[in-house]
Amino acid sequence: MVEATKRQTLILQNLEAWIRRLIDTSRRNNLLYLRRESKGLLKLDINISGPLSELLGGEKVHLADWFEDDLFTQASARMTEIFRVAKANEDERGLTTLFLALSTATWPSDDGGRPTDAPLILCPIRVERAQGGARGWSLVADGYLELSLSLLQVIQDDLRIDTQPIQDL
């Protein structure tokens, strides 16, 4: 019985080490260090409650509902680039990279570099060309809200806070 317990402990330790190696905690990871000026990021005003509520409720929302006419053209062009990159990631790597980030967690870095700026809650979305093209793009939630696993891992490893109860939800 003691041998089985030692074996289980060793397996769990190796599993935890393997999981830590899977998550890139460097500044290359956009789920830990958002690049707010990146072409791959489109900031939506979540204070506009109508479109956000509709999107999270499973309804299709037009990108035009988030922007005034003078900003819509720029937002639509950026969405085209985001869609193109997300499609390539999915087709070539099998990665889903199209998410709506709701809120971020930020704290200073230990090394004096760029602070952590990590999305807290992620909503996978699907983006489609709107019918007729006049309203550009439409967005629809494509799954359930989820906590950022990269963020939870960093909180657990670097800040030494047990996130297992949160992960078990």
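Asp91 and Lys87 sit four residues apart in helix 3 (residues 69–93), so about one helical turn separates them. Helices here are DSSP runs of H or I with at least four residues, strands are E runs of at least two, and both are numbered from the N terminus. The two side chains form a salt bridge, with the closest N and O atoms 3.4 Å apart; the term covers a side-chain nitrogen of Lys or Arg within 4 Å of a carboxyl oxygen of Asp or Glu. Asp91 is exposed at 54% relative accessibility, while Lys87 is partly exposed at 40%. For those labels, buried is under 20% relative accessible area, exposed is over 50%, and partly exposed is in between (1.4 Å probe, protein chains only).

A heads-up on the model: it is predicted, so local features need pLDDT of at least 70 and side-chain atom pairs count only at pLDDT 80 or more, while totals for chains, interfaces and linings use all residues. Residues are numbered from 1 along each chain as its sequence is written, and side-chain values use heavy atoms, with hydrogens and water left out.

Back to the charges. Side chains of opposite charge can pair when their charged atoms come close. The structure has eight salt bridges, including these:

| Pair | Closest N to O distance |
|---|---|
| Asp91 – Lys87 | 3.4 Å |
| Arg27 – Asp111 | 2.8 Å |

Arg36 belongs to the loop between helix 1 and helix 2 and Asp117 to strand 3, so their bridge ties together parts 81 residues apart in sequence. Asp117 is buried, at 11% relative accessible area, whereas Arg36 is partly exposed at 42%. In the Arg27 pair, Arg27 is partly exposed at 26% and Asp111 is exposed at 55%. There's also a network: Lys60, Arg126, Glu128 and Asp142 are joined by salt bridges that share partners.

Now the whole chain. Five helices and five strands run in the order α-α-β-α-β-β-β-β-α-α. The C-alpha atoms fill a box of roughly 70 × 40 × 30 Å along the principal axes. Of the 169 residues, 31% are buried. Looking at contacts (heavy atoms within 4.5 Å), residues 24 or more positions apart supply 54% of those with a separation of 6 or more.
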